[in-house]
Amino acid sequence: MPPAEGPATEPVRRIVVMGVAGAGKTSVGVALADRLGLDFVDADHLHPPANVERMRAGRALTDAERMPWLDLVGAALADARAPGIVVACSSLRRAHRDRLRAAAPDTAFVALEGDEALLRERIGGRVGHFMPATLLASQLDAYEAPDADERAVRVGVTGGVDEIAATAASALERLAGPGAT
């Protein structure tokens, strides 16, 4: 466990880029991390093999299957070192985000949102990813946009990756308020 932040300790930024399959979590997450000078982790790489095989077979994960994975993601957020981390993680439901915040309460979320046709087109163009387009409908059904009381911003995904990352960075600055890091 990293040392607690104190007056002599540099603050750590914790950001989750969230959304359904095809929203661009990884691409935007990498660009946002580069823009902010933070580390990047793709939560897809933290899935246990059984979860990956289930999704590859076109079966949506249950929350019972998802929660241990979210605990790993939460640990990655909690263990982040200064200056911070950006994690690409679906975080579709409030309960999922609450689970991550239980491990790292200061986490901010960037919700990437787009229409189904665009998302389906993007998924169809991906190569080598385990998440099939057939699971998009279940993800859209499960998606709960962040509530006003959550530390989150919502960003549309119709632009290019750099444009979306810039919009997210600006929205995060406004969320943090004046003088925040």
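1. Start with strand E3. Gly84, Val86 and Ala88 point one way from E3, Ile85 and Val87 point the other way, and all are buried. The strand covers residues 84–88 and is mostly covered, with five of its five residues buried. Keep in mind that this is a predicted model.

2. The neighbours of E3 come next. Strand E1 (residues 13–18) runs parallel to E3, and five bridges join the two. On the E2 side, four bridges join E2 to E3, again in parallel. Individual partners can be named. Val16 has Val87 as its bridge partner in E3. Ile15 stands opposite Val86 in E3. Phe40 also stands opposite Val86 in E3.

3. Now the whole sheet. It is open, has five strands in the order E2-E3-E1-E4-E5, and pairs in parallel. E2 and E5 are the edge strands, each pairing on one side only. From one strand to the next, the twist averages 20°.

4. The chain as a whole. The protein chain has seven helices and five strands. Along the sequence they follow the pattern β-α-β-α-α-β-α-β-α-α-β-α. Of its 181 residues, 41% count as buried. Take the contacts between residues at least 6 apart in sequence: 75% of them join residues at least 24 apart.

5. What holds the centre of the largest nonpolar core? Of its 27 residues, Ile15, Val17, Leu32, Val110, Leu112, Val155 and Leu172 touch the most other members. At least two residues of this core come from each of E1, helix H1 (25–36), E4, helix H5 (116–124), strand E5 (152–156) and helix H7 (161–176). H7 gives the largest share, six residues. Apart from this core lies another, of 18 residues, including Val12, Val16, Leu100 and Ala104.

6. Leaving aside neighbours within four places in sequence, Ile15 is in contact with Leu32, Leu36, Leu38, Leu77, Ile85, Val86, Val87, Ala108, Val110 and Leu172. Among these, Leu32, Val110 and Leu172 are listed with Ile15 as core residues that touch the most other members. Val86 is the residue Ile15 stands opposite in E3.

7. Helix H7. Its 16 residues reach 22 Å from first C-alpha to last, close to the 22 Å expected at 1.5 Å a residue. Which residues of H7 are buried? They are Ile164, Ala165, Ala168, Ala169, Ala171 and Leu172. These buried residues pack against E1, H1, E4 and E5. The spacing has a plain reading: an α-helix has 3.6 residues a turn, so residues three or four places apart point the same way.

8. Arg174 lies in H7. Is Arg174 buried or exposed? Its relative accessible area is 62%, over the 50% cut-off, so Arg174 counts as exposed.

9. Ala43 sits in a loop. The loop runs between strand E2 (39–42) and helix H2 (49–56). With a relative accessible area of 0%, under the 20% cut-off, Ala43 is therefore buried. Which residues does Ala43 contact beyond its neighbours within four places in sequence? They are Trp69, Val73, Val87, Ala88 and Cys89. Two of the names, Val87 and Ala88, belong to E3 and point opposite ways from that strand. Ala43 and Leu72 are 29 residues apart along the chain, and their C-alpha atoms are separated by 8.5 Å.

10. Thr107 is another loop residue. Its loop lies between helix H4 (94–103) and strand E4 (108–113). At 0% relative accessibility, Thr107 is under the 20% cut-off and so counts as buried. What lies 2.8 Å from a polar atom of the Thr107 side chain? The backbone oxygen of Ala104 does. Not counting residues up to four places away in sequence, Thr107 touches Arg14, Val16, Leu77 and Arg151. Val16 and Ala104 are both among the members of the 18-residue core.

Definitions and conventions
Residues are numbered from 1 along each chain as its sequence is written. This is a predicted model: local features need pLDDT of at least 70, side-chain atom pairs count only at pLDDT 80 or more; totals for chains, interfaces and linings use all residues. Side-chain values use heavy atoms; hydrogens and water are left out. Buried means under 20% relative accessible area, exposed over 50%, partly exposed in between (1.4 Å probe, protein chains only). Contact means heavy atoms within 4.5 Å. Two strands pair if DSSP finds at least two bridges between them. A polar contact is a pair of N or O atoms within 3.5 Å; within protein, one must be able to donate a hydrogen and the other to accept it, and residues adjacent in sequence count only if both atoms are side-chain atoms. A nonpolar core is a set of buried Ala, Val, Leu, Ile, Met, Phe, Trp, Tyr and Cys residues joined through side-chain atoms within 4.5 Å. Axes are lines fitted to C-alpha atoms, for helices over the stretch in contact, and angles run from 0 to 180 degrees between N-to-C directions. The expected span of a helix is 1.5 Å times one less than its number of residues.
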